[in-house]
Amino acid sequence: MHNTPTAQTRQACRRVKTTVHLDFCILQPQDKDENHAEHELFTKRVKMDNWTAALLTGVACIVGYLVVRVKKISSLRQAEEKIKRARNRRDESLQRAEQAVLRYKESHPTTDSAFILTLSLSELTQQLKEGSLSPEDVLYSYMEKTLAVNKKLNCCTEILLESLDQLKTVGSNKDGLLYGVPVSIKENIAFKDHDCSCGVVINLDQPAEKDSVLVEVLKKQGAIPFVKTNLAQALISYDCSNPIYGQTVNPHNPQKTSGGSSGGEAALVGGGGSLLGIGTDLGGSIRLPSSFCGICGFKPTAQRLSLQGFRSIYRGQKSVASSAGPMARDVDSLALCMQALLCDHMFSLDPTVPPLPFNMEIYRSSRPLRIGYLENDGYLQPSPSMARGVREVKALLEQAGHTLVPYSPLKISQIVPELLIKGVYADGTATLLQKLKGGLLDPSLKQQVFTHSLPKWFKKILSFLLKPVSPRLSSIVSAICGVRSVSDLWKQHAAVEDYIQETIAHWRSCNIDVLLSPMIGPASRLLHADKLATAVSCTMLYNLLKFPAGVVTVSTVTAEDEEELKHYKGCYQDSLDKFLKEAVSGGEGLPVAVQCVALPWQDELCLRFMKEVEQLVKESKK
């Protein structure tokens with residue numbers, strides 16, 4: 001039997017459906033209100049969370065900024081404290097030296113300091129050996145003069161008071177070639193218990209544990225290192241200024257720089273406060289300041305003299321070689337210094353240096369030379385005084401019976417950016433910037449360091465944009481980006497080796513013994529040395545080649561040179577040429593030098609050529 005719903009059942013069901021429907025209709029608006037409320041609550045919470053996150057982010061940024069700022073302020077304060085201590089050490093040494101000089105003069109009133117200061121190095125050493133002069137008289141005379149010169153030029157970083165104690169024992173080295181000779185040394189040369197800062201704050205308060213090899217050899221030869229001299233910050237400027245010891249000025253004109261980086265040495269020797277100094281040269285750092293200050297300077301073949309104990313900013317950089325070398329008033333002094341340093345004692349202390357004693361026979365030879373001459377290398381058009389210096393010396397050499405033939409360096413426009421600049425800055429200037437980090441920056445470096453600090457991608461874009469306008473500047477900006485990989489670095493080193501061999505082959509095809517070339521000058525205005533970027537083609541080139549090179553002062557800037565400079569255009573007629581013109585203007589009366597160059601390991605021949613130039617110029621003035 002089927003169960004069929006009755007009318008009553010059907011009616012009950014309809015009532016239930018109606019009730020459910022009504023209940024649903026009644027409940028639905030309430031659910032919507034609740035959902036909406038929950039949504040609003042969620043939205044508010046989200047907004048609150050976003051606001052909180054933003055607030056926390058802002059607070060974190062502020063805190064981060066404050067932390068960085070506090071660290072920077074703290075770093076600057078530490079730097080300033082280090083600088084203050086360094087300056088106090090310098091001032092104390094100067095004061096104590098002054099007191100020592102006064103005491104000595106009072107107890108030795110008959111000392112003829114004026115006479116002592118007129119003697120050449122060879123004359124001085126002769127009188128010291130004979131006993132007609134005492135090391136005490138000589139040291140105190142030069143110390144007094146150094147103190148006076150420093151007050152005018154600010155060329156000294158510290159008097160080495162140990163020199164006064166050395167007087168007690170110097171007699172044991174009476175047979176030394178430099179017995180009793182006071183010698184000045186560049187600040188980055190290690191002297192026990194004294195800083196080698198390179199003008200960089202991060203290197204302060206790190207006194208050397210022992211003397212450098214060359215300082216040891218100088219002492220063994222009877223010399224008395226008595227003062228450290230100022231230098232360019234980080235050794236990378238043709239100026240001589242740093243935030244620790246300040247600006248060194250030119251002995252011929254205080255509105256001009258003494259040059260860099262060995263500018264303190266050049267100023268002290270040029271000002272008469274030192275008879276013989278030791279500098280370093282990575283890109284003209286001995287030769288350029290010697291030219292600016294009117295003295296002689298010599299950069300030997302790379303590795304001819306030991307560099308152990310010399311502080312460098314670019315240690316590990318192999319493309320462009322640094323050299324230590326002498327700076328003095330005349331070429332004979334340079335030769336005597338080289339003879340003294342190239343001894344068994346140096347070869348024993350540093351076995352990495354080839355044991356090649358100084359060949360006096362070559363230095364004293366008088367055979368006629370076949371001389372290449374270079375006036376314009378196609379990258380740097382010399383200033384009128386530079387060009388005149390080369391022409392006048394060329395004429396004197398020809399009159400003396402030497403043969404002069406034209407010479408031009410190979411591929412100089414490619415070599416400057418690709419091998420010179422990229423060689424020194426292969427790391428994209430990272431090492432330099434790291435050394436300067438956290439310290440004060442010298443005004444002479446600000447523009448240069450600003451460019452170095454730009455992101456690599458930005459420098460690449462800048463180089464691209466500059467190419468149609470200034471191809472030379474474009475190549476320089478590209479070069480300071482450095483190499484891209486170790487493989488590229490090796491290729492760069494190989495290119496340097498190839499270029500050296502190509503240059504030697506070219507030199508021999510010209511059948512020349514030595515080369516006469518311009519040296520940048522006259523001295524540039526203060527804070528304008530960064531405008532001498534093109535000078536690397538006549539300075540750093542010979543560091544790359546590892547050729548010995550030296551400078552000899554041959555003339556002074558004339559009014560005619562200054563007038564001709566007004567029409568100077570340069571090889572490229574770009575901003576770099578304009579900068580050079582601006583930097584060297586106003587130089588009337590300042591020294592003019594030429595550069596003498598020889599093949600590697602022919603240092604004695606280079607010095608002999610320098611001596612020839614020096615003698616001919618002196619005779620022409622008589």
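This is a predicted model: local features need pLDDT of at least 70, side-chain atom pairs count only at pLDDT 80 or more; totals for chains, interfaces and linings use all residues.

User: Where does Arg304 lie?

Analyst: Elements come from DSSP runs, numbered from the N terminus: helices are H or I with at least four residues, strands are E with at least two. Arg304 sits in the loop between strand E9 (296-299) and strand E10 (323-328).

User: Is Arg304 buried or exposed?

Analyst: Buried means under 20% relative accessible area, exposed means over 50%, and partly exposed is in between (1.4 Å probe, protein chains only). Arg304 has a relative accessible area of 2%, so it is buried.

User: Which residues does Arg304 touch?

Analyst: Contact means heavy atoms within 4.5 Å. Leaving out residues up to four places away in sequence, the partners of Arg304 include Met338, Leu342, Trp601, Asp603 and Glu604. Pro357 is also among them.

User: What does the side chain of Arg304 reach at 3.4 Å?

Analyst: A polar contact is a pair of N or O atoms within 3.5 Å; within protein, one must be able to donate a hydrogen and the other to accept it, and residues adjacent in sequence count only if both atoms are side-chain atoms. Here the side chain of Arg304 reaches the backbone oxygen of Pro357.

User: How many salt bridges are there?

Analyst: A salt bridge puts a side-chain nitrogen of Lys or Arg within 4 Å of a carboxyl oxygen of Asp or Glu. That rule gives 25 salt bridges. Take Arg388 and Asp561: their closest N and O atoms are 2.7 Å apart. This pair links distant parts of the chain, helix H12 (residues 384-399) and helix H20 (residues 559-565), 173 residues apart. Arg388 is buried at 14%, and Asp561 is buried at 5%.

User: Which residue forms a salt bridge with Arg472?

Analyst: Asp577, with the closest N and O atoms 3.0 Å apart. Arg472 is in helix H17 (residues 471-479) and Asp577 in helix H21 (residues 575-584), 105 residues apart. Arg472 is buried at 2%; Asp577 is buried at 1%.

User: Is Lys566 buried or exposed?

Analyst: At 54%, Lys566 counts as exposed. Its salt-bridge partner Glu563, at 3.2 Å between closest N and O atoms, is partly exposed at 43%. Elsewhere, salt bridges with shared partners join Arg85, Arg89, Asp195 and Asp205 into one network.

Definitions and conventions
Residues are numbered from 1 along each chain as its sequence is written. Side-chain values use heavy atoms; hydrogens and water are left out.
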